[in-house]
Amino acid sequence: MNLLSSRIGRKLLGTVTHVVTSEPLVALTFDDGPHPEYTPRLLDILERHSARATFFVVGEAAERQPKLIERMARSGHTIGNHTWDHPSMPLLSGAQRRAQVRRCGRAIPPQGIKLFRPPHGHQNLASRLDVLLLGYQVIAWNISASDWLDYDRDQLLERVLPKVAPGCIVLFHDALYKFIEERYRDRRPTLQAVDALLTRLKDQYRFVTVPELLKRGRPRLRPWYKEADKDWVGKLKG
Ligand SMILES: [Zn+2]
């Protein structure tokens, strides 16, 4: 039997894209932070709406902003691992990949479930195995705002709102660690879109962390393999 397509293979090597549940729960996730200016504003917005979220932080940025990491944890948010400095994992050797994950892990507080999100969503079987060896569960998403481009608040909302359903995992960025255009780093449209999303959905959904969502349903595990897009990575600055 092919290990990858077997049930045990899916469980061990699958990547969570969302959770099957009938409960009205949504997990908002924010990558690439913490950012000294935008992350506190996002934390204020989440607090105002009593929403919990999951932050996949870059270790190097987390080490520079320990107070923000502390505030995230104190506010009941979950902090996940997004590597030390945001490389495309398939482009690294196994030793380099494991060092990236370990070093980020040291910059964030220890947690019950160790969660990892691969930068750019790039993942091959070797990189997936490295993360498994380090005891992490890989969390992708099933809704993306594509907020690494220059969409405004309404465009971001249009990309997300119609797709929201129980158990979904939504990808946003509270910072852009690497970027195509300097002007895309402006996170105000994302903050405005999140505020509007929380306002519009407040009577229908509860916003929870990924570990909370995983407890409330059956994780949908997919074979998520996406080789490094060298052209894309080569164009990035930062
Ligand atoms: Zn990222």
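Q: How many salt bridges does a search of the whole structure find?
A: The model is a predicted one. Side chains of opposite charge can pair when their charged atoms come close. A pair is counted if a side-chain nitrogen of Lys or Arg lies within 4 Å of a carboxyl oxygen of Asp or Glu. Searched as a whole, the structure gives a total of 16.

Q: Which residue forms a salt bridge with Asp44, and in which helix does that residue sit?
A: Asp44 belongs to helix α2, residues 38-48.

Q: Is Arg71 buried or exposed?
A: Buried means a relative accessible area under 20%. The value for Arg71 is 18%, and therefore this residue is classed as buried.

Q: What is the distance between the closest N and O atoms in the salt bridge of Arg71 with Glu47?
A: Arg71 is in helix α4 and Glu47 in helix α2. They are 24 residues apart, and the pair links distant parts of the chain. Their closest N and O atoms are separated by 3.6 Å.

Q: What is the angle between α2 and α4, and are they roughly parallel or roughly antiparallel?
A: Thr39, Pro40, Leu43, Asp44 and Glu47 of α2 make the contact with Leu68, Arg71 and Met72 of α4. The crossing of α2 past α4 is left-handed, and the axes are 11 Å apart. Angles under 35 degrees count as roughly parallel. The angle is about 10°, which means that α2 and α4 are roughly parallel.

Q: Which residue meets Asp147 in a salt bridge?
A: Asp147 lies in the loop between β7 (143-144) and α7 (153-160), and its partner in the loop between β8 (168-173) and α8 (188-201), 40 residues apart. Both residues are buried. The N to O distance is 3.4 Å, and the partner is Arg187.

Q: Which residues coordinate the zinc ion?
A: The donor spacing in sequence is D-x49-H-x3-H. The donor atoms are an OD and two NE2 atoms, at 2.0 to 2.1 Å. The residues are Asp32, His82 and His86.

Q: Where do Asp32 and His86 lie, and are they buried or exposed?
A: Asp32 is in the loop between β2 (25-31) and α2, and His86 in the loop between β4 (78-81) and α5 (94-107). They are 54 residues apart. Relative accessibility is 3% for Asp32 and 5% for His86. Each value is under 20%, so Asp32 and His86 are both buried.

Q: How far apart in space are Ala95 and Asp130?
A: Ala95 is placed in helix α5 and counts as exposed at 51% relative accessibility. In sequence, Ala95 and Asp130 are 35 residues apart. Their C-alpha to C-alpha distance is 8.8 Å.

Methods
Residues are numbered from 1 along each chain as its sequence is written. This is a predicted model: local features need pLDDT of at least 70, side-chain atom pairs count only at pLDDT 80 or more; totals for chains, interfaces and linings use all residues. Side-chain values use heavy atoms; hydrogens and water are left out. Helices (H or I, at least four residues) and strands (E, at least two) are DSSP runs, numbered from the N terminus. Buried means under 20% relative accessible area, exposed over 50%, partly exposed in between (1.4 Å probe, protein chains only). Donors are N, O and S atoms within 2.8 Å of the metal (3.2 Å for Na, K and Ca); water is not among the atoms, so sites may look incomplete. Axes are lines fitted to C-alpha atoms, for helices over the stretch in contact, and angles run from 0 to 180 degrees between N-to-C directions. Angles under 35 degrees count as roughly parallel, over 145 as roughly antiparallel, 65 to 115 as roughly perpendicular and the rest as oblique. A crossing is left-handed if the near helix is turned anticlockwise from the far one by less than a right angle, and right-handed if clockwise. Contact means heavy atoms within 4.5 Å.
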